[in-house]
Amino acid sequence: MKKEKISAKNTQPGRLPNFGVLDVIVGPMFSGKSEELMKRLRRFKIAGLKVMVFNHALDKRYATNKIASHSKQKWQAVSVQKPEEILKKIKKNMDVVIIDEVQFFSKTIIPVINQLITKNIHVVVAGADTDFRGDPFSSVPNLLALADGEVVKLKAVCTVCKKWNATRSQRLLANGQPAPRQDSLIKIGAGDCYQARCRKHHIVIS
Ligand code: ADP
Ligand code: MG
């Protein structure tokens, strides 16, 4: 990838350039990642910062062109399919970029985020760290490694044992049975086909 030119916003004569940082919020479905993004968004707005929010176009569960939580909070967002669209659609002089459902983006989300950080933008991403099989999910493990700001790992309430220890997203078939391992990696849904579960109660049929 072409080396990013450092923008005027990022440089002052005789001084080293300023960089943004990367915060990463992870956890299974229903763990409150989108709520956490919206909490931070409100704080950034109170601080008078210019914030832009992106979501993956696949996530149309509660709204399009919005990020939304399972508790029905919503915030305006730009829906994109490819990571490079973030660079095309970003408005000038943004201080903060928030990206929800980051696990749905292809691997080029990493150089795109690096470019934003080089432009002195604070990037906050949220996504599922494990897929329905319990395996690390797409670029999220790399993003966790690259984070130089905050790393937040959230848990949900396990729907079986009712403890606040759920780290996995249980995919269920229409008949309520656990989905088999060979099911496709991506299936958009919420309470209709997913539950939050702890390690003990997370089942993948082999
Ligand atoms: P995520 O973005 O991680 O999927 P959200 O922020 O959209 O999570 O939603 C979190 C909300 O989901 C909680 O505040 C709660 O109202 C609801 N919820 C539904 N099921 C659960 C569960 N099993 N554990 C925790 N919260 C749940
Ligand atoms: Mg969410």
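Trainee: What should I keep in mind before reading the model?

Mentor: Residues are numbered from 1 along each chain as its sequence is written, while chains are lettered from A and ligands numbered from 1 in the order in which they are written. Since the model is predicted, local features need pLDDT of at least 70 and side-chain atom pairs count only at pLDDT 80 or more, whereas totals for chains, interfaces and linings use all residues.

Trainee: Is Tyr-194 buried or exposed?

Mentor: A residue is buried if 20 or more other C-beta atoms lie within 10 Å of its own, exposed if 12 or fewer, and partly exposed in between, with C-beta atoms placed from the backbone. Tyr-194 has 21 other C-beta atoms within 10 Å and is therefore buried, whereas Ile-188 has 13 and is therefore partly exposed.

Trainee: Which residues does Tyr-194 touch?

Mentor: Two residues are in contact if their C-beta atoms, placed from the backbone, lie within 7 Å. Not counting residues up to four places away in sequence, Tyr-194 touches Met-29, Ser-169, Gln-170, Arg-171, Leu-172 and Gly-189. Met-29 is itself buried, because 22 C-beta neighbours lie inside 10 Å, and with the same exclusion its contacts include Ala-128 and Ala-196.

Trainee: Which residues of the largest nonpolar core touch the most other members?

Mentor: Such a core is a set of buried Ala, Val, Leu, Ile, Met, Phe, Trp, Tyr and Cys residues joined through C-beta atoms within 7 Å. Here the largest one holds 43 residues, and Leu-37, Val-97, Ile-98, Val-102, Val-123 and Val-125 touch the most other members.

Trainee: How many residues surround ligand 1, and which are the closest?

Mentor: A residue counts as near a molecule if its C-beta atom, placed from the backbone, lies within 6 Å of it. Ligand 1 is surrounded by 15 residues, of which Lys-33, Ser-34, Ser-69, His-70 and Ala-156 are the closest. Phe-30, which is buried with 22 other C-beta atoms within 10 Å, touches His-70, Ala-156 and Ala-196 when residues up to four places away in sequence are not counted.

Trainee: Where does UniProt place the feature "binding site"?

Mentor: UniProt positions are given in the numbering used here, feature names are shortened, and annotations may be inferred rather than shown by experiment. In an unreviewed entry, UniProt places this feature at residues including Met-29, Phe-30, Lys-33, Ser-34 and Val-102.
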